[in-house]
Amino acid sequence: GAETFYFEAVLLTFIGFTVVVPLRPALAAACFSVLAAAYGTVTFGLGLQGPIGLAATQNAILWMGMLIAVAAAWRMEKANASEFAGRQDLANTLEHTRKLDEMRRHLFANVSHELRTPLTLILAPVDLMFSESHAPQTVERLDLVRRNAIRLLRLVDQLLDLARIDAG
């Protein structure tokens, strides 16, 4: 009857299942409705023992507890779905970042190699002309070309070193 402790046990069952067992809202509503209806049937249908006001109050509290438990299950499901979507977005962003990093490394390596070869081919004739030329103005201009080409070659070598370090 209404004067027993079954009311508290059923209410604690709602709360316990909501906290411990992650039920989907529809399943929680179905299970908890059956449980609340069974308790109501026992307290009202099979010979009411105790005051009717107590039984009605307990049943009303039980149905409200069930609604709160279903709302909590719905909220937990939404939170889990949101967390899952956030993790998927993070995984996609991480994969995209990895691809971009690989493309950057590949670009550095290719650009460095493609610039190094022409620079070497420029420096060889400049060095040859530099050693053969005797006009001061020509030597000065060739020295300028040579110094700038060597500076550019060093920068390209630094890019290659960076690409090697990134590659491990």
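A nonpolar core is taken here as a set of buried Ala, Val, Leu, Ile, Met, Phe, Trp, Tyr and Cys residues joined through side-chain atoms within 4.5 Å. In this predicted model, the largest such core holds 13 residues, and Phe14, Ala28, Phe32 and Leu62 are the ones touching the most other members. Helices H1 (6–20), H2 (25–45) and H3 (52–132) each put two or more residues into this core, with H3 giving the largest share, 5 residues. Looking at Leu62 up close, and leaving aside residues up to four places away in sequence, its contacts are Phe7, Val10, Leu11, Phe14, Ala36 and Tyr39. Apart from that core sits another one, made up of 5 residues, including Leu119, Leu123, Ala149 and Val156.

As for the overall layout, the protein chain is built from 4 helices and has 0 strands, so its radius of gyration of 40 Å, well over the 15 Å that the globule rule gives for 168 residues, makes it more spread out than a compact globule. The C-alpha trace spans about 125 × 20 × 20 Å along its principal axes. Even so, residues 24 or more positions apart supply 71% of the contacts with a separation of 6 or more.

Conventions: Residues numbered from 1 in each chain as written. Predicted model: local features only at pLDDT ≥ 70, side-chain atom pairs only at ≥ 80, totals over all residues. Heavy atoms only, no water. Rg over C-alpha atoms; globule rule 2.2 N^0.38 Å. Contact = heavy atoms within 4.5 Å. Buried < 20%, exposed > 50% of the residue type's maximum accessible area, 1.4 Å probe, protein only.
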